[in-house]
Amino acid sequence: MRGIDFSVRAGEVFALLGPNGAGKTTTVEILEGYRRRDAGLVNVLGHDPARHERDFRERIGLVLQSTGIQHYLTVRETVSLYAGYYPRPRDVDEVIELADLTESRDRRVGQLSGGQRRRVDLAVALAGDPELLFLDEPTTGFDPSARRQAWEIVQGLARLGKTILLTTHFMDEAQVLADRVAVIAGGKIVAEGPPDTIGQRGRGVTTVRFSLPDGSELPARFGARTTEAGYELDIHSATRALHELTSWALSADVELLGLEVLRPSLEDAYLELTGSGER
Amino acid sequence: MSGGIGLALRQVHYENRAFWRNPAAAFFTFVFPLMFMVIFNVLFGGLGRGSSSASQFYTPTLIVFSVITATFTNIAMSVTMARDEGVLKRVRGTPLPAWAFLAGRVLHAILIAALLVMIISAFGAILYQVRFPWERLPAVVATLAVGAATFSSLGLALTGVIPNGDAAPAVVNATILPLEFISNIFIDMRQAPGWLNSVSEIFPVRHFADAMLALWNPTTAGSGFAPGDLLVIAGWGVAGLLLALRFFSWEPRIS
């Protein structure tokens, strides 16, 4: 990491978004107390995590990227084992319900699918009723329906008032779950804010894309770029620009083929910010 | 600390539950030394060992073998696996004190060792008429306790040099099996060359076996305490504990 600075408010879902190897897990492991920072100040719930204090660990819940669980205990036994480590645990059956594991509560962890096991990770993290939850890439390796399910669980936790620090390399995940996002690339934060304002999105640049029938030409005053597929136009005020464009097309009796209006997605912003885009 | 002891005992309870749910592993843990006992008695039953017979020799030495397997081998392997699967890392992130987690593992291993001691003693008594030395019970318990504690701490120490879970069986066997062969466990060392005896006397396996052989030997006089042997064994235990404290790792070494 090369000097990052951010703060997460109580009750907020904050996402660290970045490509693999950007430093998300390093950051989170410093906050969790697994790694020591070389320099700088870290304050989590009023504690310095590097001191590995017990009362700090009583208030946090961790879903790490890869952690094993004893295979021979059932889901319910596993959750009660971990609940017993905390002074004020949440009710075991309630935790199992929150993690959507009620149907497999009496099955052994070793018999569960990967997705179910990941939910056991989450249940174990919730067992102590933490105020702050770290979720390090909670849905990596999930199929689309399992991801939706996991998102619903996280949204449920956010409604319970938990503060959640999430890392992900999925733009849509950050967009759906997070109140605020910090984009990390090359050990630095390159953008921070609510998902809608990341990158160009805040500036409201919209792209209009279309092509014209053979033999027709777009007047130069529109200032469009020509691409292989036709034209591309960057605009700030979509209403006005589209009106001008369609008026011209009607009066010239030209069809705007494949007309598309594109708000740049978080994905575009992300690719641009992290320098991994092709354009 | 007192809360920690409760947590450690709770760990033992869950460890135990998990242990018996892998019946194949549990079964062979107990059958393995008994198989050895039968095989060695068949192989060497005809040969006398001074005043004692082969069964007189193999009952105490296979008890030593079982205690070492249940503590050293089992702890070194299971803790390394748990480390590389990330179980240790997960536990480290909870308020459970680290020592309470490890104490749970060790206590469970010692419980299994105690069960093995009873089974082998009974097996020796019933099948081969080897008398259990009741009159020396305090020394038997003390020797077993020092041995189990030492080989538990050496097992924890060994995890520090095992690079990953896949290497655990190889490293564990390579460290303990040769010593068992030269330490009066499988083979009577009186026929072995003097220098080999000197080498084996450096290590705790030999002293554990000799102390136990003396306890089971009907000609041994007195309480049977062997302070010299116990001291060497305990010394290795303390060294193991210091090495474990220095090199133990909670993080997977492969990912």
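Me: Angles under 35 degrees count as roughly parallel, over 145 as roughly antiparallel, 65 to 115 as roughly perpendicular and the rest as oblique. At what angle do H3(B) and H6(B) pack?

Reply: This is a predicted model, in which local features need pLDDT of at least 70 and side-chain atom pairs count only at pLDDT 80 or more, while totals for chains, interfaces and linings use all residues. Residues are numbered from 1 along each chain as its sequence is written, chains are lettered from A and ligands numbered from 1 in the order written, and side-chain values use heavy atoms, without hydrogens and water. Helix H3 (residues 54-84) and helix H6 (residues 137-159) of chain B pack at about 30°, with axes 8 Å apart; H3(B) and H6(B) are therefore roughly parallel. Axes are lines fitted to C-alpha atoms, for helices over the stretch in contact, and angles run from 0 to 180 degrees between N-to-C directions.

Me: Is the crossing of H3(B) and H6(B) left- or right-handed?

Reply: The crossing is right-handed, meaning the near helix is turned clockwise from the far one by less than a right angle, anticlockwise being left-handed. The contact (heavy atoms within 4.5 Å) includes Ile63(B), Phe72(B) and Arg83(B) of H3(B), and Leu144(B), Phe151(B) and Gly155(B) of H6(B).

Me: How do H9(B) and H10(B) cross?

Reply: The axes of helix H9 (residues 204-216) and helix H10 (residues 227-247) of chain B come within 9 Å and cross at roughly 145°. This crossing is left-handed. Among the residues in contact are His207(B) and Phe208(B) of H9(B) and Trp236(B) of H10(B).

Me: Chain A next. How many residues of H5(A) are buried?

Reply: 10 of its 13 residues are buried, so H5(A) is largely enclosed by the rest of the structure; buried means under 20% relative accessible area, with exposed over 50% and partly exposed in between (1.4 Å probe, protein chains only). Arg118(A), Arg119(A) and Asp121(A) are among them.

Me: What covers the buried residues of H5(A)?

Reply: The cover includes strand S2 (60-63), helix H3 (75-83) and helix H6 (144-159) of chain A, together with helix H4 (87-92) of chain B.

Me: And which strands form the open sheet in chain A?

Reply: The order is S8-S9-S7-S10 (chain A), with antiparallel pairing. Strands S8 (225-227) and S10 (257-262) of chain A are the edges, each pairing on one side only. Two strands pair if DSSP finds at least two bridges between them; helices (H or I, at least four residues) and strands (E, at least two) are DSSP runs, numbered from the N terminus.

Me: What lies across S7, S9 and S10 of chain A?

Reply: Helix H8 (residues 238-252) of chain A does, running at about 15° to S7(A).
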